[in-house]
Amino acid sequence: MRHESIARHQPEAQPEPTPTMTPTTVDLVVPVYNEESGLAASIEALLAADTGRATELTIIIADNASTDSTPVIGAALAAAHPTVEYVRLNRKGRGRALSQVWQASDADVVAYTDVDLATDITVLDPMVEVIRSGLADVAIASRLLPGLAISRGIKREIISRCYNRLLRLSLGVGFSDAQCGFNALSAKAAKELLPQVEDAEWFFDTELLARAEWAGFRIHEFGTDWTDDPDSSVDVVDTAWKDIKGIVRLRTSGRARGGGEVPAPNTGAQILHFVDVGIISTLLYAVLFLFAVQVVSPTVANIAALLISTVINTAANRTHTFGMRAPHHRFVSQAKGLAAFALCFAFTSAGLSLASGFTGEWASIATLAVLTAANLAATVVRFVLMRTWVFARLSRPEARDTVESARAAQEDAQHV
């Protein structure tokens, strides 16, 4: 009872003060061109949306040289609402508007949405949160993930899905939807990526996301419901042709300027992935050899199976083992992979030549031991060559130095 009595006379503990979270500032850009009919309603809808208490949202109307009454409406909305700003650009170009406004922003997160609000605006809060928490550098909305309520015409659906499949095949990217019209970036990602993006129109989104992935920025996708705008003024054919030209430019112009690399898996993971790929390649070689030997000589079948399995092995190791997704220099990697394979093949050939002189009852066991040792040595050498030569990459510090050098050169050129 004494213990209870002492406790009873102690002053009540005061609750710890709850720390206040510094709100994340977000600049949400709405690019517009001749949108007098729906601009006011869209901005009012954005103002009414709940973006979360931890978000300090500013809506920026970026006018792409409109010729109707959009400038008057935009300026009036900015005057009526303290969290709305209006910016007038003298040249058309959706990508140009986004790049200029984002580069002038000092917000923690920059984002944009199309003025038709076809994408569910409620996805903005989780997009900001995943960037605020550090789990992603770029957040995008996607219409092409399963289980979503998508209302759009068959023609646009087919074009969109074919376009994004083409991106994955040609540019080696992993995101599912490049042109949903609702993206967000951290200030750091925007600062590094925007100077690299050349397109000023509709291909801007694709180029930005591709360069982000190639540079190792983490991209998080959010599936979102989407309603097509039947009054959209986008020329699908003209836009598709410009997109194809943009893909060719990205594919042939080399690596992203100043970009880093996707962080490689650690050594332990690389070894396990290398073993996985090796097992699959060995099985593939066996199947190819068994089929080829039915129609050609064993020597030709062996060479053909080795070449095909080696090419596939190199491609699989490039992405699966060493985490390289950018499409550039694939042929160089394949040439180096074949050279590494030829060197390793020389190991086993030398072992076989050495074992051919064995005699006696232990000759077979000795031959097997030599070939096993030669194969193990060849495997180790091939892994080391792939890690240090075939798929060698810049480290992060080197990549940062390259970024600074590129920026300095660009600034010098602007001052000339």
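Colleague: Which residues in α4 meet residues in α8?

Modeller: This is a predicted model, in which local features need pLDDT of at least 70 and side-chain atom pairs count only at pLDDT 80 or more, while totals for chains, interfaces and linings use all residues. Residues are numbered from 1 along each chain as its sequence is written, and side-chain values use heavy atoms, with hydrogens and water left out. With contact taken as heavy atoms within 4.5 Å, Arg94, Gly95, Leu98, Ser99 and Trp102 in α4 meet Phe204, Asp205 and Leu208 in α8.

Colleague: Why are α4 and α8 called oblique to each other?

Modeller: Their axes, which are lines fitted to C-alpha atoms, for helices over the stretch in contact, with angles from 0 to 180 degrees between N-to-C directions, come within 9 Å and cross at roughly 50°. Angles under 35 degrees count as roughly parallel, over 145 as roughly antiparallel, 65 to 115 as roughly perpendicular and the rest as oblique, and α4 and α8 are therefore oblique.

Colleague: What makes β3 and β8 the edges of the sheet?

Modeller: Two strands pair if DSSP finds at least two bridges between them, and the open sheet of seven strands runs in the order β3-β2-β1-β4-β7-β5-β8, with mixed pairing. β3 and β8 each have a single partner strand, so one side of each is left without a neighbour in the sheet. For β8, the pairing with β5 is in the parallel sense over five bridges, and Phe222 in β8 is the bridge partner of Ala141.

Colleague: How do you know that Asp177 and Arg143 form a salt bridge?

Modeller: The term requires a side-chain nitrogen of Lys or Arg within 4 Å of a carboxyl oxygen of Asp or Glu, and here the closest N and O atoms are 2.8 Å apart. Asp177 lies in the loop between α6 and β7 and Arg143 in the loop between β5 and β6, so the pair ties together parts that are 34 residues apart in sequence.

Colleague: Are Asp177 and Arg143 buried or exposed?

Modeller: Buried means under 20% relative accessible area, exposed over 50%, and partly exposed in between (1.4 Å probe, protein chains only). Asp177 has 1% and is therefore buried, and Arg143, with 6%, is likewise buried.

Colleague: What makes Glu129 and Arg132 partly exposed?

Modeller: Glu129 counts as partly exposed because its relative accessibility is 38%, and Arg132 because its value is 25%. Both lie in helix α5, three residues apart, and their salt bridge has its closest N and O atoms 2.6 Å apart.

Notes. Helix = DSSP H or I, 4+ residues; strand = E, 2+ residues; numbered from the N terminus.
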